[in-house]
Amino acid sequence: MAKIAVLGYGTVGSGVVDVIHMNGSAINKRAGEEISIKYVLDLREFPGTPAENLIIHDFEQIVSDEEVDVVVEVMGGIEPAHTFVKRSLEAGKSVVTSNKALVAKWGSELLAVAEANNVNFLFEASVGGGIPIIRSLNHALTADEIEEITGILNGTTNYMMTKMFYEGADYEEVLKEAQEHGYAERNPEADVEGYDACRKIAILSSIISGRYVDFEDIYTEGITKVTSTDMKYAKKLGMTIKLLASVKRDQDKLGAIVAPCLLSASHPLYSIDSVFNAVFVRGNALGDAMFYGSGAGKLPTASAVAADIVDAVKNADKNVMASWTTPKLTLEDRADTEKKFFVRMSGDLDEWLPKVEKAFGEVTTAAPDDVTGEFGFVTGKIKEGFYEEKAAGFPNILQMLRVEE
Ligand code: HSE
């Protein structure tokens, strides 16, 4: 029998306990032995719940208990999660976590500690919730050179962008709705500023490169400046706007960015609506693939955690995760990355177009019927550094969004 301890009885922790009870016999069969929850660590008591008789309040009881094989960290945050995870690995216990902040910051160290102790540090649920993207990159796609990953990795902002697209609503209005539905937190910063998506793409970038990618090196723009007028232009151009997190290979360098982008209708991510997440992957042998599903929520996230628990139990004496090495990878300078840019300018199109094309080259213009006093255009593919240099000469620029085709 394999015994596990769950750290944190919040949304994900209670989901893990529920999934293990709900699908117990199938999970045990796949793990090759019975999985039993010995402890649930939380500061609170939970009378009348399945965790009622499992709750303890002292981590020392878990780390010193030789019967505990797998520790499941679903508390979130950096401390005490980091200390608890590291000590568990050092004590010879595998650890499963859903904590993207922890993996993005301490992943290299914790993978190395796991390897040194011949146990596993698994974190499928940290990116894309229930979508099996990490396992796929580590195992199924391990023979490919991954050239690109572009993802809608944050459900809250995708819900907001979807509402803005279909209802023509403004940012503040959709944020309020997202908060009322419980998607966005009272302090929505981590989602709307792109920090959550940034940590997730940093984790995926580290996996595909085998080198630590520091989330702090990834240029990150959130959705707070996206307006209903931008959405009108996007529609006029046959596009939508999504918060995209991407990493792309450019010869021997990787470039990563999180930003709201105009997305053309032919892109596989165009139709990913509401709180759903999706990850587009391009491999040099595989070609294009898409992973789609629930990126958050109690049971989808718990499903990914439970799958990692099964993997940890099945591979009790061997390290199965590919690790990533330090020092950290130097990402491609954003100024050298090439893309198309959507720009809104105040003024008269006919008057400005010659100057615009002299600076940026040939552009495609757009003018939604009910927008006056301004115009919009999309450049051809140019380097971001070139765009910035030329844009500095136009004080009438109202907005710039990158374009993904
Ligand atoms: N706040 C995150 C989201 C939760 O909206 O996608 C899952 O990481």
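**Salt bridges and overall form of the predicted chain**

A network of salt bridges links E221, R334, K339, E384, E388 and R402. The structure described here is a predicted model, and in it 32 salt bridges are found.

With D65, K38 forms a salt bridge whose closest N and O atoms are 2.8 Å apart. This pair joins distant parts of the chain, 27 residues apart: K38 belongs to strand β2 (residues 35–41), while D65 sits in the loop between α3 (59–63) and β4 (68–73). The side chain of K38 also meets that of E67 in a salt bridge, at 2.7 Å from N to O. Here again distant parts of the chain are linked, with E67 in the loop between α3 and β4, 29 residues from K38 in strand β2. The surroundings of the three residues can be read from their accessibility. D65 counts as buried because its relative accessible area of 13% falls under the 20% limit. K38, at 25% relative accessibility, is partly exposed, and E67 is partly exposed at 40%.

A further salt bridge brings together the side chains of D196 and K100, with an N to O distance of 2.8 Å. D196 is part of helix α10 (residues 195–209) and K100 is part of helix α5 (residues 100–116), so this contact ties together parts that lie 96 residues apart in sequence.

D250, D252, D333, D336 and E338 form a negative surface patch. Among them, D250 is located in strand β9 (residues 239–250) and is partly exposed, with a relative accessibility of 34%.

Turning to the chain as a whole, the secondary structure consists of 14 helices and 17 strands. The radius of gyration is 23 Å, close to the 22 Å given by the globule rule for 405 residues, so the chain is as compact as a globular protein of that length. The C-alpha trace spans about 75 × 45 × 35 Å along its principal axes, and 54% of the 405 residues count as buried.

The C-alpha atom of A169 is separated by 9.4 Å from that of M231, although the two residues are 62 residues apart along the chain.

Notes
Residues numbered from 1 in each chain as written. Predicted model: local features only at pLDDT ≥ 70, side-chain atom pairs only at ≥ 80, totals over all residues. Heavy atoms only, no water. Patch = residues over 30% accessible without salt bridge, like charges linked within 9 Å, V, L, I, M, F, W, Y side chains within 5 Å. Areas by Shrake-Rupley, 256 points an atom, 1.4 Å probe, with all protein chains shown as cover. Salt bridge = Lys/Arg side-chain N within 4 Å of Asp/Glu carboxyl O. Lys, Arg positive; Asp, Glu negative; His and termini not counted. Charge placed at Lys NZ, Arg CZ, Asp CG, Glu CD. Helix = DSSP H or I, 4+ residues; strand = E, 2+ residues; numbered from the N terminus. Buried < 20%, exposed > 50% of the residue type's maximum accessible area, 1.4 Å probe, protein only. Rg over C-alpha atoms; globule rule 2.2 N^0.38 Å.
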